[in-house]
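Student: Can we go through this one, starting with the charged pairs and then moving on to the sheet?
Tutor: Fine, here it is.

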Amino acid sequence: MINDAQSQSELWAEIRKIIVHSVRLHDSPLPVIIGIGGAGCMGKTTFAQEIVSWFSTNEGVLFDLDGYLKDASLRDAEGLTAYDPQAYDLEDAEGSLISLLTSDNTHLRWYNVFTRKIQSVAVPKCSQIGVIVIEGQQANLPYFRPSVM
């Protein structure tokens, strides 16, 4: 853990430089995909939002897997927590990711923490996207690895 504010700032600057430079060097019609997984309340969303903020409005997209959580009543009935892969509609999330990569008109699900409701958010054409940040506890599952698509 880095406690010194200057060291933290320098680390963030270096992380930003590496990620932005890597995206700029990426020579493909498909965007760079960054997956951020881990336990709840560890800062995944904050880190993902930070990465997306380093790019212009249409260049970076946050793909938040919380939007693909099954309804709480369904999870409760099945005895699932958000840590269980079965608590997510991962097939729909995979379909949304494929649509994002191949379609000009895509909407992603977004979980609003204030209303506790799922919303639909329009995203730009894939040709404008430089980086997609997939964020969520299940971001490391095979559904979201490039070899699957």
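**Salt bridges and sheet**

Tutor: A search of the whole structure finds four salt bridges, a salt bridge being a side-chain nitrogen of Lys or Arg within 4 Å of a carboxyl oxygen of Asp or Glu. This is a predicted model, in which local features need pLDDT of at least 70 and side-chain atom pairs count only at pLDDT 80 or more, while totals for chains, interfaces and linings use all residues. Residues are numbered from 1 along each chain as its sequence is written, and side-chain values use heavy atoms, with hydrogens and water left out.

Student: Which residue does Glu 14 pair with?
Tutor: Glu 14 makes a salt bridge with Lys 17, at 3.6 Å from N to O. Both sit in helix H1 (residues 5–25), three residues apart, about one turn of the helix. Helices (H or I, at least four residues) and strands (E, at least two) are DSSP runs, numbered from the N terminus.

Student: What about Arg 109, what does it bridge to?
Tutor: Asp 89 is one partner, with the closest N and O atoms 3.7 Å apart. Arg 109 lies in strand E3 (residues 106–112) and Asp 89 in the loop between helix H3 (72–78) and helix H4 (90–102), so this pair ties together parts that are 20 residues apart in sequence. Asp 92 also meets Arg 109 in a salt bridge, at 2.4 Å from N to O. That pair links H4 to E3 across 17 residues. Through shared partners, Asp 89, Asp 92 and Arg 109 join into one network.

Student: How accessible are Arg 109, Asp 89 and Asp 92?
Tutor: Arg 109 is partly exposed at 26%. Asp 89 is partly exposed at 28%, and Asp 92 is partly exposed at 28%.

Student: Changing topic. Where is Glu 59, and what is it in contact with?
Tutor: Glu 59 is in the loop between helix H2 (44–53) and strand E2 (60–64). Glu 59 is buried, with a relative accessible area of 18%. Leaving aside neighbours within four places in sequence, Glu 59 is in contact (heavy atoms within 4.5 Å) with Arg 24, Gln 128, Ile 129, Gly 130 and Val 131.

Student: And E2, how many of its residues are buried?
Tutor: Five of the five, so E2 is largely enclosed by the rest of the structure. Gly 60, Leu 62 and Asp 64 point one way, and Val 61 and Phe 63 point the other way.

Student: In what order do the strands of the sheet run?
Tutor: The order is E1-E5-E2, an open sheet of three strands with parallel pairing. Strand E1 (32–36) and E2 are at the edges with a single partner strand each, so one side of each has no neighbour in the sheet. The twist averages 20° from one strand to the next.

Student: How many bridges join E2 and E5?
Tutor: Five, between E2 and strand E5 (residues 131–135); two strands pair if DSSP finds at least two bridges between them. Asp 64 stands opposite Glu 135 there. E1 and E5 also pair over five bridges, and Ile 33 has Ile 132 as its bridge partner.

Student: Which strands does H2 lie across?
Tutor: H2 lies across E1, E2 and E5, at about 175° to E5. H4 packs on the sheet too, touching E1, E2 and E5, and its direction makes about 170° with that of E2. Axes are lines fitted to C-alpha atoms, for helices over the stretch in contact, and angles run from 0 to 180 degrees between N-to-C directions.

Methods: Buried means under 20% relative accessible area, exposed over 50%, partly exposed in between (1.4 Å probe, protein chains only).
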